[in-house]
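Student: Could you walk me through how to read a protein model, one feature at a time?

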Amino acid sequence: MMSNKTINTEQGHWILAKMGKRVLRPGGKELTEKLVECLHITHQDDLVEFAPGMGFTASMLLFKKPHSYSGIELNEEAAENLRTKINGNPDACIINTSAAQTGLKDCCADKVLGEAMLTMQADHRKSEIIKEAFRILKKGGLYGIHELGLTPDDMPQETKDDIQKNLSQTIKVNARPLTKFEWCTLLKNEGFEIKEVYASPMHLLKPARVVADEGIFRTMKIGFNVLTHPAARKKIMKMRGVFQKYEKQMTAYAIVAQKPA
Ligand SMILES: C[S@@+](CC[C@H](N)C(=O)[O-])C[C@H]1O[C@@H](n2cnc3c(N)ncnc32)[C@H](O)[C@@H]1O
């Protein structure tokens, strides 16, 4: 079992983060913007974000000046960095714990958001986290997820196993992406109603997407870092190879689900 104390640069998302990448979700900034728009965030909202990571979405959410923001981040180093980032904001806090057990009160949140964090959990863990989102949401509250998906819905099990194996070997995380049907079923099983589903290509490491997500200057900085860190470059090229190989089968889904009123 990998430690969650420090940022482990064996894992794909942390290699990218160390190279300067801030957007670590499969559908990029554009799909996040869509998801956030669908959550209709107001100044009265109590927001909870699962796994804020580098804090990219956290900044976007805090910009909307919600009533409160709580980020639940499992990794201690990431949580510490996030605390520094939000320092001085009396309406925001970071809790260093698992999204499966947030310690938050029942029905305390208007909206819960989590990106690129369910995919990396085994299916029973995914359900525990979804159950926790349901528990902490007020009735009628919204849960937005943005995760790695598979397409089409009737993909043979063999292909799913191949993709999972290749992903685990290259990103060093037991990633288990699901089809649209499977994601929706997991959410419905915990009591959610599905409101919206959006899809976007999985272009995390395509140059055009990197520029769209990070901007031109940060892209240049990331490019420089990758060029000057050969070990990281090798790992990133391998990841890119897997993403390219399964380009047609892998996708990103953003789903908005609602706890019934
Ligand atoms: C791929 S990164 C995504 C980060 C960010 N949400 C984004 O989209 O850019 C995965 C993040 O999930 C966090 N994480 C993984 N399992 C978690 C859990 N059970 N509870 C809270 N955070 C978790 C990791 O520490 C890491 O910050």
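Student: What should I keep in mind about the model itself?

Tutor: It is a predicted model, where local features need pLDDT of at least 70 and side-chain atom pairs count only at pLDDT 80 or more, while totals for chains, interfaces and linings use all residues. Residues are numbered from 1 along each chain as its sequence is written, and side-chain values use heavy atoms, leaving out hydrogens and water.

Student: Which strands pair with E2, and in which sense?

Tutor: Two strands pair if DSSP finds at least two bridges between them. E2 (residues 68-72) pairs with E1 in the parallel sense over five bridges, and with E3 (residues 92-95), again in the parallel sense, over four bridges. Isoleucine 72 makes a handy landmark: it is the bridge partner of phenylalanine 50 and stands opposite isoleucine 95 in E3.

Student: How does the chain get from E1 to E2?

Tutor: The chain passes through helix H3 (residues 56-63), and this β-α-β crossover is right-handed. That label applies if, with the strands pointing away from the viewer, the path from the first strand over the helix to the second runs clockwise. E2, helix H4 (residues 76-86) and E3 also make a right-handed β-α-β unit.

Student: How many residues of H3 are buried?

Tutor: Six of the eight residues of H3 are buried, namely Phe56, Thr57, Ala58, Met60, Leu61 and Leu62. Just after H3, lysine 65 takes a positive phi of about 50°.

Student: Phe50 keeps coming up; how do I read its ring contacts?

Tutor: A pair of aromatic rings is described by the distance of the centres and the angle of the planes. Rings of Phe, Tyr and Trp (its six-membered ring) pair if their centres lie within 6.5 Å; planes under 30 degrees apart count as stacked, over 60 as edge-to-face and the rest as tilted. The count by this rule is three aromatic pairs. Phenylalanine 50 and tyrosine 143 have ring centres 6.3 Å apart and planes at 65°, so they are edge-to-face. This pair links distant parts of the chain, from strand E1 to strand E5 (residues 137-150), 93 residues apart. Phenylalanine 50 has a relative accessible area of 0%, and tyrosine 143 has 1%.

Student: Which ring forms a tilted pair with tyrosine 143?

Tutor: That is phenylalanine 192, at 5.4 Å centre to centre with 35° between the planes. Phenylalanine 192 lies in the loop between helix H7 (180-189) and strand E7 (193-201), 49 residues from tyrosine 143, and is buried at 3%. Ring pairs link Phe50, Phe134, Tyr143 and Phe192 into a cluster.

Student: And where is the largest nonpolar core?

Tutor: In soluble globular proteins, nonpolar side chains tend to be buried together. A nonpolar core is a set of buried Ala, Val, Leu, Ile, Met, Phe, Trp, Tyr and Cys residues joined through side-chain atoms within 4.5 Å. Here the largest has 28 residues, and Leu167, Ile236 and Met250 have the most contacts inside it. Elements supplying at least two residues each include E5, helix H6 (157-171) and helix H10 (230-245). H10 gives the most, with five residues.

Key
Buried < 20%, exposed > 50% of the residue type's maximum accessible area, 1.4 Å probe, protein only.
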